[in-house]
Amino acid sequence: MSKSLIIVESPAKAKTIEKFLGKDFTVKSSIGHIRDLADGDTGVDVENNFRPNYEVPAEKRKVVADLKKSAKAVDTVWLATDEDREGEAIAWHLSEVLDLKPEKTKRITYSEITKEAIQYAIEHPRTIDKKLVDAQQARRVLDRLVGYEISPILWRKIKPSLSAGRVQSVAVRLIVEREREIQKFQSTSSYKVSAVFLNGKNEIVKAELPKKFQTKEEAKTFLEKCKNAGFSIASIETKPAKKSPSAPFTTSTLQQEASRKFGYPVAQTMRIAQGLYEDGKITYMRTDSVNLSDTALAQAKKAIEQLYGKEFVSIRRYKTKSKGAQEAHEAIRPSDLATQTITGDAQARRIYDLIWKRTIASQMSDALLEKTTATISVSTAEEKFVAQGEVMKFEGFLKVYLEGKDEDDEENAEDILPPLKTGEKLSSREITATERFTHYPPRYTEATLVRKLEELGIGRPSTYAPTISTIQKRTYVVKEDREGAKRNYSCLMLKDKNITEESKSENTGAEKAKLFPTDIGMVVNDFLMQNFNGIMDYNFTAKVEEEFDEIAGGKLVWTKMLADFYKPFHKTVELTAETSARQSGERLLGKDPATGKQVIVRLGKFGPMVQIGHPDDDEKPRFAALLKGQRMDAITFEQAMDLFKLPRNLGTHEGNEVVVNIGRFGPYIKYQDGYVSLPKGEDPYTISLERVKEILNSPRLPKVLGKFQDEDISVAKGRFGPYVKYKNIFASLKKDEDPFSVTLDRAIELVTAKEKKEQEKLIRSWDEDARVRVVNGRYGPCIQAGKKNFRIPAGKTPQELTLDECLSIAGLKEETKKPRAAGVKGKAKSGKAKSRKAG
């Protein structure tokens, strides 16, 4: 029997650690948090010094029972949860719930899951750090109080099922303010002049005029001066320059760089990084430190010397600039820098490669450059052209890695200049004056929002990804691509002493994977700014984070911090609940020409809509939902009135009424008792009855092919192409198969093959609950819940998993009770937060 039990949060982590230890150790997982604030009215007792009332949720009771049994059977329990505050809190909850005796309990931490690190941790145990636990408790309780007390007000004053959060609401504010800044932005144009010169050897010298001309006339006047001008090198300045490598990755910089280089959302980056950490490939991935251990520095030096040479080594110790950074932690780095690449999943390989290159580059020499600036005089004008170029003298760290750039800090690449001399004559090949426009501030991507939150001191490494995921899940913000618009611009060119003018066009305003506030997000933000200005203040949110740091450092008592916050906050809640008006973002657009009634756009129970009339009128108001892409703050009167043209009754076809309308999934025809989607490109506002008849008379999907074992079998077309459907089986057609030509026999062949394949994958299923099943997945056995797959805990046999265990691992449980209305004194609670530690 094992003498020691090690408890970690994740089954994958348990599996990795178990490989390093002998038979005296058993490693088990708590599968994330084992308890949280209670779902009932006793979540937080604000009248009893903010006493939290914790409970073990139903889905964790079996896990807790198993851990209790295992703990009683061993001499020592090692709590080996993550080294951050949340990991410390999980360790404390385990010790409390499992009723562990201090003399048989040891706390160990490590920044990497390697044999050496685990053995070192076991040789250097400590006790649970209650200061770190209190900092995490303070965060959990404060966030619950804010969410619990504000959310019910939003339900009553704006729309049901809304929520507010201390960090998420401030993140939404950033996005809303940026959007309004963009809407107010007035673009202005100017003319940028560039030239291509030739020296005596016919080598190209590219140059630009530092000055921009405000009008076309000014630009043209300058080109006129250049017609018969002479050009010569007025001065040359050559000076050395260098580029230094960036620091090793922190959580936020890894998220930013993975977004720039691969387009990964921050949550995806963290999921991949967590997998690499749990597999022992990299150090802990939630950190704000850029520090590297002496071991890592020695590994880096050795790797650089072997791969690139001694002249590329430059050992550096970086200092963290972000507020509240914990220097005791390490930056994100490979566990072993001698391992340049890894096998396995392609995304994991890309992230590992990025981390390895960044870490190695951080300990390499500067790149040495020679920058040359040449000033070119114009004999007929005061203005001077400037040509800039650079030559790489020594690659240094650039041999390995170059950091990506964001949209708002891109640099222009400089050309290499040919050898030039002062006084040297140049000839003009062409000089161009191009109209350029000022651009609005860039919208946030997930990565640039993380950077902004970090700059303001809002949140910590563990909160960035959950915050960004939450504001999107709650539809306060959407991440999407948007098409640009065509814009004309003017281009003047001087060539062979002739000036020509050409009108060109470009696409402007296109956005890719940018964060946009929704109408509901803007309305909620405005309400919170008006009534909870203190909570929404950037400085307040940053100050709270600093206070959490002080609690962790033993400089502040957590309950005092909560008391100082809660008293004025609760008064604001009560005042807002009593005195604030309902808010819908209502905007008057004009009057309906047919009835003279007001036309307004506002937020309704089911989302943004246009309303004609008032509830007090004799006739009921008319309503129309906004279309996808329309916004409350931008819709015009004409666009709003167009919404009331639908549904359109076009007449009859074969004795049945034909109606066109727009629904949740786009434009459609309602005919008989069915619905037929309008083909792409057809306009429901203008389509004729004749065209609709053509569509109705043509072959269309879905189409029932016949019966198979007394059940309908049909062919249809979905998001990913045509398929055959039989009961709950969907079998895709081949690319070259025409869905209108598929026979019943072919359909039966497809669904039979698909059913057989699914049966071969199935390991376990339960008739009483079809939400989960155990299957052979792409990477081995796993628990499948809908479209999501979950790892099977270490030590568990797939065939022996129970339904309860699968539901617990998949996080499926009964919906919790809603919190009481705000403004009621006493005990408080909020909706349950999902643990980032799960699985």
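First, the ground rules. This is a predicted model, where local features need pLDDT of at least 70, side-chain atom pairs count only at pLDDT 80 or more, and totals for chains, interfaces and linings use all residues. Residues are numbered from 1 along each chain as its sequence is written, and side-chain values use heavy atoms, with hydrogens and water left out.

Okay, cysteines. How many disulfides are there, if a disulfide is a pair of cysteine sulfur atoms within 2.5 Å? The count is zero. Take Cys 226, which is in no disulfide: the nearest cysteine sulfur belongs to Cys 491 and is 15 Å away. Cys 226 is also buried, at 2% relative accessibility; buried means under 20% relative accessible area, exposed over 50%, and partly exposed in between, using a 1.4 Å probe and protein chains only. Then there's Cys 806: its closest cysteine sulfur, in Cys 782, is 10 Å off, and that's too far for a bond. Cys 806 is buried as well, with a relative accessible area of 0%.

Now helix α12, residues 446-456. Helices here are DSSP runs of H or I with at least four residues, strands are runs of E with at least two, and both are numbered from the N terminus. Is α12 enclosed or open? Eight of its 11 residues are buried, so α12 is largely enclosed by the rest of the structure. Among those buried residues are Ala 447, Thr 448 and Arg 451. The buried set packs against α6, α8, α9, α13, β15 and β18, where contact means heavy atoms within 4.5 Å.

On the α12 side, the contact uses Glu 446, Leu 449, Val 450, Leu 453 and Glu 454, and on the α13 side Tyr 464, Ile 468, Ile 471 and Gln 472. That divides into six nonpolar, one polar and two charged. For the record, Ala, Val, Leu, Ile, Met, Phe, Trp, Tyr, Cys and Pro count as nonpolar, Asp, Glu, Lys and Arg as charged, and the others, Gly among them, as polar.

The second pair is α5 (130-157) and α14 (519-531), packed at about 120° with axes 12 Å apart. These helices are oblique to each other too. Ile 150, Ile 153, Leu 154 and Lys 157 of α5 meet Val 524, Phe 527 and Leu 528 of α14. By class, that contact has six nonpolar residues, no polar and one charged.

Last, the single residues. Ser 95 sits in helix α3 and is buried at 12% relative accessibility. Beyond its neighbours within four places in sequence, Ser 95 contacts Leu 79, Leu 100 and Ile 128. Arg 700, in the loop between α19 and β27, is partly exposed at 32%. Not counting residues up to four places away, Arg 700 touches Val 676, Ile 695 and Phe 740.

How values were computed. Disulfide = S-S within 2.5 Å. Axes fitted to C-alpha atoms, helices over the stretch in contact; angles between N-to-C directions. Parallel < 35°, antiparallel > 145°, perpendicular 65-115°, else oblique.
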